[in-house]
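Okay, thanks for coming, everyone. Let me put the model up, and then I'll walk you through a few spots in it.

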Amino acid sequence: MTDAWTLGLRIGRGAALKALGLVVLAVFALILPVIAPDPATTNIAVFTVMYVGLATAWNIMGGYTGYISLGHAAFFGIGAYAFGLLVIHLNITPGYAPFLLVPVAGVLTAVFAVGIGWIALRTRAATFVIVTIAFMFIVQLLAENLVKLTGGGAGLSVPYPHDWGGDFFNTPFYYAMLALAVIALAASWWIRRSKFGLGLLAIRDDEDKALAVGVPTRAFKLTAFVISAALVGMIGAVYGYYVTYLYPQFVVDPLIGISMVLMTFLGGLGTLSGPVIGAVLLERAQLEFAYRFGASRLYLVLFSAVFLVVILILPRGIVPSVADLVRRWRRPAASDATTPAEQRVAS
Amino acid sequence: MSLVLQAAALGILTGGVYALMASGLTLIFGVMRIINVGHGALVVLGAYLSFALFRSFHIDPFVSLVVTMPAMFALGVVLQLAFIRPLKTDREALSVLVTYAIALGIEGVLGYVFTTNYVELRAWYETASFAIFGFHITYVYVFGFLLCLAILGALFLLLYRTTFGGAIRATMLNRTAAQLIGIDVDRVSALAFGVGVATAAAGGVVFGITNAFNPGSHYDLISRLLTIIVLGGLGSLRGAIIAALIMLVTEDITAVLISPVWANFVFFVILVAVLIVRPQGLYGVRVRDRI
Amino acid sequence: MSLLEVDDLSKRFGGVVAVDSCSLSVPAGSITGLIGPNGSGKTTVFNLVTGFIPRDGGDVRFKARSIAGLGPDRIYGLGIGRTFQLARIFPRLTALENMLVPVRRAGLRALLSHGQWGHEKARAMEMLEFMDISRVAGTLGGALSYGQRKLLELAAVMMARPELVLLDEPAGGVNPVLLERIAEHIRQLNGQGVTFLLVEHNMSFVMNLCHEVVVLHQGRVIAKGKPREVREDPAVLDAYLGA
């Protein structure tokens, strides 16, 4: 009796602590531009939150289903260009209004994702990776060559609000990125707790077995893919608005695509907080490296070294490895495999 | 018409180069089931090694292979042991990231040592050509093609006529079964990776002779190589060769008939078209897990 | 009334004929055994019936409707479940989560709603109780013993209340005590109206459990009938001894 009670108390205390932590984090995130209004900091904040959203969105497909897409940069670019073209051709005056077009860009990206996903998902996991890379290059090529539409290599200029002063400019974008990151996290959380999400995890473990118990694998995979793509597209749209000039190689950028993947792996594939932690840590490191070694090509070497070290030491990512350590520290006698369902769902 | 024929001939010659490069990549996938996204960077590395040997000691690129191939073989084995073998879980996915990291590392080092200026591999006889059926083919292209044939031939001999090759093929077909009959799959994997990287060195020489390159060239290269092996069927050597020829010939003919811009596209268009109809590629096997 | 009818089914892999004009029927409410020497095509028949591999010829009918050509997920939705030769469960999900994966009706509401969750969870725990493995509900599938996995696999398959269950070597790799438990579970479920078709090598298991037995040899049906009849059939003895 006492055991169950103390266990309940411990879980209750753990959950309360977690909730408190989340509240603190949320408050901090919301007031960041107020306590640190200098453009340098807010710029870092914009990119950090952007990657939190990207990694979380990517995780919905890559982490839950196990189908690794290395071409998500394609959707980032499609979202950016869709947004830019909409703003230009619909003659929207720059300011807050264009933010309303972000969901539209998301929908357009989703439409492309249905087509791309339908083809790419005809293959199994290994080939899927390559096909997504191929599609990314197709989109990049299209962006470069459909000059009348996208401006080609010369780029596309996206109208921006001139009246937002230098100090203020970053702030609305920060909140826009934050909103999208929250939406991505909410979607990820909800999916994970639903039967749909359970089906995705089953597909990751054993796709044929999932089929054998009635999981409609093709429909599920495609849905996860499209949701993931739409979110990335919306984030791309805000990015396009932020940088005000779209070049094919910088918007459909393999490095952005690989970053969101690496961040998720670093944090913990398939977990909820993993992509967030991975994004925050890695973005910090990336900016640091680019600042110090950007000129010489050495930053690539450093980046890759960090990459390799992380993957070899923490192959499962930070969150699962830390969770394991904590569990072992708490109950050294208990077997690692017995994790009460409540504790697992929370990560 | 003769332009088309010339384009076709060029396509075959360059197809041979890509076939050589793709063969290493598909071999690595077949044995270890990993996608070596760094293969393009390894080809570029091979090209730079030959370039360095030429620049410092005036060694002919083809001759430099005597040095670079064994060196790259050793590098391949080391890379496999250091970065691939330790991966226990989630191997396929993690290996993509690891090999990408290796590619970035190579790109960084090459950029630091050689700068990002474009270079080319030169040979003193590179302008010499001969005429056949009314158009000229340079000797370098022919030597390059012959080299590809030679190395591919050697690869086939290795795979189908030696015990080691048998061990490789067994591991490709069924890793567990191979272990059960006493094959040291770990050793086979490491050595096979070395072989794959050695072929990249050879590919690098021919690639470097026929293209200007810089450390960043590996992106374009790997996207094409990956497309080729998917078209051919992952793990199929025969598929890689045929796919390479098809892709390159079509690309070169498109460049002549339509425009070089759209020729880049053709690559991916063919891939998409084939995937819709035959997801496993030309010679791939429809993979179903053990049922 | 026969629940499942296999009609002239054929399948070849390259030069090997795995299944050769195989015809059999499974009476509703029965426990039917499918036996035969190694390589006789039993698992291939299972894979053909459940839609994992495409057939070369013939038809498969479930409740008089043809199901040939349907995918495995559709077939499970129609009410046919199956287990695998080497028990397959989802290793990174807990036993309870394993139970909650099966999908009978893939409607949007059913998938997204959480209200169903509580109801399904209760049923899942009941099922785990029935199989005597409820105490490992929170354990990851990968950490379970082989026997526990076998029981879990069957329990999970039963979640969507299939009318016909195909068991591939339910007695394989299992100790005698567990064997008896499994046989008992099958009998109880059969008593509740579930029809079973099982592939097995363990003869006493088959003889004790099955109402009907079908014998396969080199992809063809060579005998069918009551277990005792089939056991004495000279053609069957020949096939086993000769193989």
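Quick definition before we start: when I say helix, I mean a DSSP run of H or I with at least four residues, and helices are numbered from the N terminus. And keep in mind that this is a predicted model.

So, let's begin with Thr65(A). You'll find Thr65(A) in helix α2 of chain A, which covers residues 39-65. Is Thr65(A) buried or exposed? Thr65(A) counts as buried, because it has 27 C-beta neighbours inside 10 Å, and the cut-off for buried is 20 or more. Leaving out residues up to four places away in sequence, Thr65(A) touches Leu200(A), Ile203(A), Arg204(A), Lys221(A) and Ala224(A). Leu100(A), on the other hand, is 35 residues along the chain from Thr65(A), with 31 Å between the two C-alpha atoms.

Next up, the contact between the chains. Chain A puts in 38 residues and chain B puts in 43. On the chain A side, α5, α12 and α14 each give two or more residues, and α5(A) gives the most, with 12. By class, that side of chain A has 28 nonpolar, five polar and five charged residues.

Last, over to chain B. Helix α1(B), residues 2-32, packs with helix α5(B), residues 139-161, at about 35 degrees, and the axes are 9 Å apart. The crossing is left-handed. Residues making this contact include Leu13(B), Gly16(B) and Val17(B) from α1(B), and Tyr141(B), Gly144(B) and Phe145(B) from α5(B). What classes of residue are in there? We get 11 nonpolar, three polar and no charged residues.

Key. Residues are numbered from 1 along each chain as its sequence is written. Chains are lettered from A and ligands numbered from 1 in the order in which they are written. This is a predicted model: local features need pLDDT of at least 70, side-chain atom pairs count only at pLDDT 80 or more; totals for chains, interfaces and linings use all residues. Axes are lines fitted to C-alpha atoms, for helices over the stretch in contact, and angles run from 0 to 180 degrees between N-to-C directions. A crossing is left-handed if the near helix is turned anticlockwise from the far one by less than a right angle, and right-handed if clockwise. Two residues are in contact if their C-beta atoms, placed from the backbone, lie within 7 Å. Ala, Val, Leu, Ile, Met, Phe, Trp, Tyr, Cys and Pro count as nonpolar, Asp, Glu, Lys and Arg as charged, and the others, Gly among them, as polar. A residue is buried if 20 or more other C-beta atoms lie within 10 Å of its own, exposed if 12 or fewer, and partly exposed in between; C-beta atoms are placed from the backbone.
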